[in-house]
Amino acid sequence: MTHLIFCRGQYRLRRVKAYIFLLAVMLSFSAFSYGQTILKGTVIDEKTGEAIIGATVLQKSTTHGVATGADGAFELQVQGSFPVTLVIRLVGYRAQEVEVYDAGEIIRILLREDLNLLDEVVVTGYVQQKRGVITASVFDVKSEEITDIHAASFDQKLEGRIPGVVISSNSGTPGTSVALRIRGTTSINAGNSPLYVVDGVFVNSGAIQQIGNGGQVVNSLADLNPNDIEKIEVLKDANATSIYGSRGANGVILITTKRGKYNAKTNISFGARLGLSKVRKLWDMVNGPEYATLANEVYLNDGGDPAKIPYPNPVSEPSYIEQKLDDIFRTGLQQNYFVNFSGGDARTTFYLGLDFNEQVGTNKPDDLKRYSLRINLDHKVSDKFRIGTSTSLSRVDRKIALTGNNTAAPIPSAIHPPANVPSRYEDGSYVVWGIHDSYLAMINDLDNRSSSNRLIGSLYGEYTIIDNLVFRTNWNIDYNTVDENIYYPTVTANAVSVNGRNTSAYTKRQTLINEQTLRYNTQLDKLHTLSFLIGNTIQKNNTSSRSITATGFPSDDFREITSSAIQTANGSSSENALISFFGRAAYDYKNKYIADLNVRIDGSSKFGTNNKWGTFPSAGLAWNLTEEEWFKASWVDGLKLRASYGITGNQNGIGNYTSYGLWSGGANYNDKSGLRSSQLANPELKWETTSQFNIGVDSHFFDNRLEVELNYYDKYTRDLLVNSPIPAISGFSSITRNDGEISNRGVELAINSTNVRNKNFTWTTSFNIAHNKNKIEKLENTIDQYSWIRMEQGQSMFTFYTYKQLYVDPQTGDAVIDDYNKDGQINADDRQYVGNALPIVNGGLDNTFRYRNFDLNLFLTYSIGNDVLYMFQYMLQHGGTRPAWGYTTGQLERWQKPGDITDVPRMTTKGLNYALRTDRFLEDGSFLKARSITLGYNFPRELISRFNINALRLFATGTNLFILTNYSGTDPEINVAGNDENTLGIDFATAPSPRSFLFGVNLTL
């Protein structure tokens, strides 16, 4: 019985074991079926399309997870049945949950930056701060926002992107100057350009050329390679800029270049761009028969004998104007190639950038070539000591066409002569007409070149003395040389009588800066954050120049100075020094209440004995309302109020020895050298100062999908540095002194929104608009510019001052001019203010659409309310008063018979019809411009990773594709006097900005 029971128990035991075995097999199969499934995918930055390294990919509600590799790829073993949910996280990005339905699907996951801008790190005066605790007005532009726009200099790429910053290219010449103003114009003679700081180095932005190009100057910022730039930050209010003292009066633009990362593999990026450009619009000129008809009409209206009209058969007159336009313009070429290497180990990071850029201009023979090299190194000598360098080398070669009001410029030389005047005689020689040279000689034979070599470098050492106490020293240099040469051949008016003319000039500018800072940061009880900074700067600037002009060459085949018969040389040098002491203190309570104080004391060698030193303080307050416990609006992610006030100084734009009495040699008598007084002293000359109050609101709504920034500012500049006239009995015509005040008040609004965001499609928009009211509050003497612009107390800068034409009398065809002072006669006293070149509002609108791997960007800029003087129309709608000149088609709208209604008077060389400068040539320059349209495609990671490629992008960009404007000229943004900061909005014989099409590729390994 016992045995039987045992056997039955053994049988039952075996049966239980069998069940257990069967269950184990089933569980194993289940585990094999679900647990061993491998998911593959890549994690990519939604905005840049680049691989994201180190992101964590987890299966939700499990501990299964991996990190993405160098190419953003991952392989994750998941459990359970499909669908499964993956959670992707990385600091600086928003966590993303993705549902996967198919094990065979290669997943492409897009991560968005964490748009909580309160945590974004922003560089301001010598420190880095989280945006949430900044009390100043700071706006940043990241490199990916402007990388697809091709321009010779980075400042051109910023147009329309920053509220309160007005940027316009003075011409379509590659590498020419750009007018950039932050919150208005604050000075007359001391300069209005902002301070540019590249990796802590104060760089010179003014041109140092000696040879004039007809009102245009080269842009020294074109020496910098835009492809090296990581981020650009614009400091706009006094609290952000006062720590830069005399340098920050007109705002500060901080440029951070790319650097390597610690513990990162070597990253290689290559880019190529190739494009074509074409002038969008040219001038409308009359043809040969039309010119003859107009010439006959002038003759008859002036009382000429009908039997002796100049052109008895007008329709038979030849027309050469179309050929001339074809001769001076061409299809431009743009090409750019760059390669960057970056990476690092545990102690050292590196970045190496090489770049070649060429822009063949649409205006013959304009050409620009830039070669650049950048090396950025950072090395941890120990846990406390760090050293590094930021160094760039560049060379820019230019071939330059003279422009503007210059008789040797190709544009006026081709267009000003009548349409029936050929460019060559029958024997092939050049036609020289009137005061103008042959435009063909200017293109083919005149040789105008320049070469610029530039070194911008910084060496730094940083030592942590104790925790949170860091000492840093910087040694910086900006070294720039420009070599210019222009040869006028014997066929030009400038050289025909002297058998050729050659001018060669060499200029060197060197800025040396040594700077020390000591900063301390601490946190008390996790509630109070304190930071302090003190520092000093020693700066020395030196400029030297020499030039030699030679004439009397054997022939145009011998152009070197040594081949000339007569040589005249000139040379000069000057220097100035600046020593500064500065400090900063900031307090932050729980990221809720923030206060900071800044002060800088500058001592300049430029000013008089009694006023060498200037003190420039500022203060700011901010309140983060969303940090308050009582603030319960869940749809508001961030709301900060801030206010600031500060004072900045200005010494730019005046000479190094302006306050001193100067003597010069060269006053020779009886073959003996002599001295003469060349400048009166002004020991009371002092700093031009600008005070600024700013109040602003920073806000974020709806899970950071809407960001709104609003600012109001009030700037007031005192003690303007101006050249004031003095009685001739003194022996001098003017002296530089402090006289005048200017105000700028304005409002800025910036809105960023994510309109649509789902798995495959996103649509984002950025919009900005700004209004600035400029006024000359005090000025003892009026100042006239370019015969059309007058600066006077009570008016704004860039106000047009001239005669006002009321209408053309329909019965007589004569212009009726406003008798402004009502004295019954028309004379200079009847001139009046008739318009202004400054816009009422301006800004930009940027839309980006992304669908899977495709992206489309449409960027528009606009300006409303600015006037433009179409001076080209004034010069070529002359009614016959310039008999050696042609006409624009506007002249065809002239009055011809009683009853005609027009604003173009009867053609005649008599009377006032064409004798006065009237507002008839002043036009509304408002515009809406398609600044750039870009279509791009990012190749899927799973496709290119097999070739060890991290990112591959193809794109096409169109620039200046269209413009909506009532302005009848070529471009409402160009300015003939780019070399004059007090002249704006005058369009005359200047190469217009072209329309361009660019194709590019970016490759990252």
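**Working through the model**

Strand S22 gives the most to the nonpolar patch, with three residues. You're looking at a predicted model: local features need pLDDT of at least 70 and side-chain atom pairs count only at pLDDT 80 or more, while totals for chains, interfaces and linings use all residues. Residues are numbered from 1 along each chain as its sequence is written, and side-chain values use heavy atoms, with hydrogens and water left out.

**Exercise 1. Which residues form the nonpolar patch on the surface?**

Step 1: start with the rule. Patch members have over 30% relative accessible area and no salt bridge; like charges are joined within 9 Å, and nonpolar side chains (Val, Leu, Ile, Met, Phe, Trp, Tyr) within 5 Å. Accessible areas come from the Shrake-Rupley method with a 1.4 Å probe, and for residues only the protein chains shown count as cover.

Step 2: pick out the members, which are Val381, Phe385, Ile387, Tyr463, Ile465, Ile466 and Phe471. Together they have about 550 Å² of accessible area.

Step 3: S21 (385–399) and S22 (447–466) each supply at least two residues, and Phe471 lies in S23 (residues 469–488).

**Exercise 2. Find the salt bridge between Glu159 and Arg931, and say which parts the pair ties together.**

Step 1: apply the cut-off, a side-chain nitrogen of Lys or Arg within 4 Å of a carboxyl oxygen of Asp or Glu. The whole structure holds 40 salt bridges.

Step 2: check this one. The side chains of Glu159 and Arg931 meet at 3.4 Å, N to O.

Step 3: Glu159 sits in the loop between helix H2 (154–157) and strand S11 (165–169), and Arg931 in strand S48 (residues 927–938), so the pair ties together parts 772 residues apart in sequence.

**Exercise 3. What is the order of the open sheet of four strands that includes S40?**

Step 1: read off the order, S38-S39-S40-S43, with antiparallel pairing. Two strands pair if DSSP finds at least two bridges between them.

Step 2: look at the edges. S38 (783–785) and S43 (832–836) each have a single partner strand, so one side of each is left without a neighbour in the sheet.

Step 3: Neighbouring strands are turned by 40° against each other on average, direction ignored; axes are lines fitted to C-alpha atoms (for helices, over the stretch in contact), and angles run from 0 to 180 degrees between N-to-C directions.

Step 4: zoom in. S38 and S39 pair over three bridges, and Asp784 stands opposite Arg790 in S39.

Step 5: check the loop between S39 (789–791) and S40 (799–802), where Phe798 is found. Phe798 isn't a glycine, yet has a positive phi of about 65°.
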